[in-house]
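Dear colleague,

I am handing over the structure below, and after it I set out what was found, topic by topic.

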Amino acid sequence: MKLKIIAFLSAILLAVGFYFINNQQDEVVVAEHSSIAMNITQTDTMPDENYPLQKTEAEWKEILTDKEYRILRDRGTELPFVNEYNSNKREGIYVCGACGQKLYSSEHKYESGSGWPSFWQPLADSLVGEREDNSWFMTRTEIVCSNCGSHLGHVFDDGPQPTGLRYCMNSLAMDFIPNEEIQND
């Protein structure tokens, strides 16, 4: 029991550290680029051509909150255990918080103990993309929305069967639509 408590507290401390370092990096990047940013017009920040939905970063900033932008566009991470969907048990689907593309079903959600909403598979493999992430002195597989390229979280190979995968997502990167609100397409 003591080891579980120590592991739990260690995970929280590590996540809090990542969160504060990530926020400090955001402030440093803004400070470093503020003089450059004044010389760039909104149309100069071109969208990523690898994704069907094309918006400039200025357009994303207009439609996302600061917290959503930090996660979805700046590839941030939210704190574990205190996010909106980690403990969500309602039936429905999770969609991209930036563009609304359907991503995950509550049928594939499980309690991973990581502190973030976790799924063992997306609704379809084509709905998410993967990118190599070499941040934080490690190599991970980043998961992005295949429609707009927004950062959702990471995938790990320590999940349950049948896939053995754990799609560890940020709540701020998604919106939840309960089954009773889903319209038949």
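The count of disulfides comes to zero, where a disulfide is taken as a pair of cysteine sulfur atoms within 2.5 Å. In general terms, a disulfide is a covalent bond between the sulfur atoms of two cysteines. For cysteine 96, the closest cysteine sulfur belongs to cysteine 148 and lies 3.7 Å away, which is too far for a bond. Cysteine 96 counts as buried, with a relative accessibility of 1%; buried means under 20% relative accessible area, exposed means over 50%, and partly exposed covers what lies in between, with a 1.4 Å probe and protein chains only. Cysteine 99 has its closest cysteine sulfur in cysteine 145, at 3.6 Å, again too far for a bond, and cysteine 99 is partly exposed at 24% relative accessible area.

Please bear in mind that this is a predicted model, in which local features need pLDDT of at least 70 and side-chain atom pairs count only at pLDDT 80 or more, whereas totals for chains, interfaces and linings use all residues. Residues are numbered from 1 along each chain as its sequence is written, and side-chain values use heavy atoms, with hydrogens and water left out.

As for the overall layout, the protein chain holds three helices and nine strands, which follow one another along the sequence in the pattern α-α-α-β-β-β-β-β-β-β-β-β. Helices (H or I, at least four residues) and strands (E, at least two) are DSSP runs, numbered from the N terminus. Of the 185 residues in the protein chain, 41% count as buried. The protein chain exposes about 11200 Å², of which carbon and sulfur atoms supply 54%; these accessible areas come from the Shrake-Rupley method with a 1.4 Å probe, and for residues only the protein chains shown count as cover. Among contacts in the protein chain with a separation of 6 or more, 56% are between residues 24 or more positions apart, a contact being heavy atoms within 4.5 Å.

The strands are arranged in sheets, and two strands are said to pair if DSSP finds at least two bridges between them.

S1 and S9 pair in the antiparallel sense over five bridges, and valine 95 stands opposite aspartate 175 in S9. In a regular strand the side chains alternate between the two faces of the sheet. In S9, the covered face is made of Met174, Phe176 and Pro178, while the uncovered face has Asp175 and Ile177.

The largest nonpolar core has 23 residues, and those touching the most other members are Tyr104, Ile143, Leu152, Met169 and Met174. By a nonpolar core I mean a set of buried Ala, Val, Leu, Ile, Met, Phe, Trp, Tyr and Cys residues joined through side-chain atoms within 4.5 Å. Beyond its neighbours within four places in sequence, methionine 169 is in contact with several residues, including Tyr104, Trp116, Phe119, Ile143, Leu152 and Met174.

Finally, a few points of backbone geometry deserve a look. Most residues other than glycine have a negative phi, and most peptide bonds are trans. A cis peptide bond, with omega about 20 degrees, joins glutamine 161 and proline 162, and proline 162 is found in the loop between S7 and S8. Arginine 75 is not a glycine, yet its phi is positive, near 65 degrees; arginine 75 lies in the loop between H3 and S1 and is partly exposed, at 38% relative accessible area. Phenylalanine 81, also not a glycine, has a positive phi of about 70 degrees; phenylalanine 81 is found in the loop between H3 and S1, and is partly exposed at 28%.

With kind regards
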